[in-house]
Amino acid sequence: MVKREIIGIKPEASLIEAIEVMRKHDISCVVAQENGKPLGILTERGLVGHLASNGRTLPKKTMREVMSTPVTTINEDSYVYEALQILVTQNIRHLVVVDDRGFSVGVLTLSNLIQGVGDDLLVEFQPVERYMKQIVTRQTRRQPYCSFGTGNAE
């Protein structure tokens, strides 16, 4: 479930280098490390946010300028429910797994977690509506996107 290979990059690396590492290794995040310890993380979702607000200047940025920090970590001896609780309460999709000394040993993603425990969860069948958000706002011509939330539908 935890990817044991850490694809790390120095915080001084350019954003272009980080993106190339993600593409080359087909990964959804890259961890900025110094001496084996995680300093920050760049995820696909974080990258999209930076592109939306800094598009033209983004290629000139370094990892240190765009990475999320402090990086959220979990100890390798923690339980799955603890990892899921962190992912859900912090609304994140990646946890850097560390050993007792704080060294990176892997990355746990929400998708890996779902794939790993999915069969166990499917033993008890539940309707999808129990887990989905209930309200979907209608799309208008002035609003080129749909928003999902918990308010009243239009």
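Which residue in β2 is the bridge partner of Ile9? In this predicted model, where local features need pLDDT of at least 70, side-chain atom pairs count only at pLDDT 80 or more and totals for chains, interfaces and linings use all residues, the partner of Ile9 in β2 is Ala32. Residues are numbered from 1 along each chain as its sequence is written, and side-chain values use heavy atoms, with hydrogens and water left out.

Helices (H or I, at least four residues) and strands (E, at least two) are DSSP runs, numbered from the N terminus. Two strands are taken to pair if DSSP finds at least two bridges between them. Strand β1 (residues 8–9) is joined to β2 by two bridges, in the parallel sense. Between β1 and β2 the chain passes through helix α1 (residues 15–25), and this β-α-β crossover is right-handed; the term applies if, with the strands pointing away from the viewer, the path from the first strand over the helix to the second runs clockwise.

Strand β2 is also paired with β3 (residues 37–43), in this case antiparallel and over six bridges. Gln33 has Pro38 as its bridge partner in β3. Two residues lie between the strands of the β2 and β3 hairpin, in which Asn35 takes a positive phi near 55°. The three strands form an open sheet of mixed pairing, in the order β1-β2-β3. Its edge strands are β1 and β3, each of which pairs on one side only. Burial is assigned by relative accessible area (buried under 20%, exposed over 50%, partly exposed in between; 1.4 Å probe, protein chains only). Strand β2 spans residues 29–34, and five of its six residues are buried, so β2 is largely enclosed by the rest of the structure.

Gly36 is located in the loop between β2 and β3. With a relative accessibility of 28%, Gly36 counts as partly exposed. Contact is defined as heavy atoms within 4.5 Å. Not counting residues up to four places away in sequence, Gly36 touches Gly102, Phe103 and Ser104. The C-alpha atoms of Gly36 and Val98 are 9.8 Å apart, although the two are 62 residues apart in sequence. The charged end of Lys37 sits over the ring of Phe103, 5.0 Å from the ring centre (criterion: NZ of Lys or CZ of Arg within 6 Å of the centre and within 35 degrees of the ring normal).

Asp99 occupies the loop between β5 (94–98) and β6 (104–109). Asp99 is buried, at a relative accessible area of 13%. A polar atom of the Asp99 side chain lies 2.9 Å from the backbone nitrogen of Arg101, and the backbone nitrogen of Phe103 lies 3.0 Å from a polar atom of that side chain. Apart from neighbours within four places in sequence, Asp99 is in contact with Asn75, Glu76 and Val105.

Aromatic pairs were counted for rings of Phe, Tyr and Trp (its six-membered ring) with centres within 6.5 Å; planes under 30 degrees apart count as stacked, over 60 as edge-to-face and the rest as tilted. The count comes to one aromatic pair. Tyr79 and Tyr81 form this stacked pair, at 6.0 Å centre to centre and 15° between the planes. Both Tyr79 and Tyr81 are exposed.

Conventions. A polar contact is a pair of N or O atoms within 3.5 Å; within protein, one must be able to donate a hydrogen and the other to accept it, and residues adjacent in sequence count only if both atoms are side-chain atoms.
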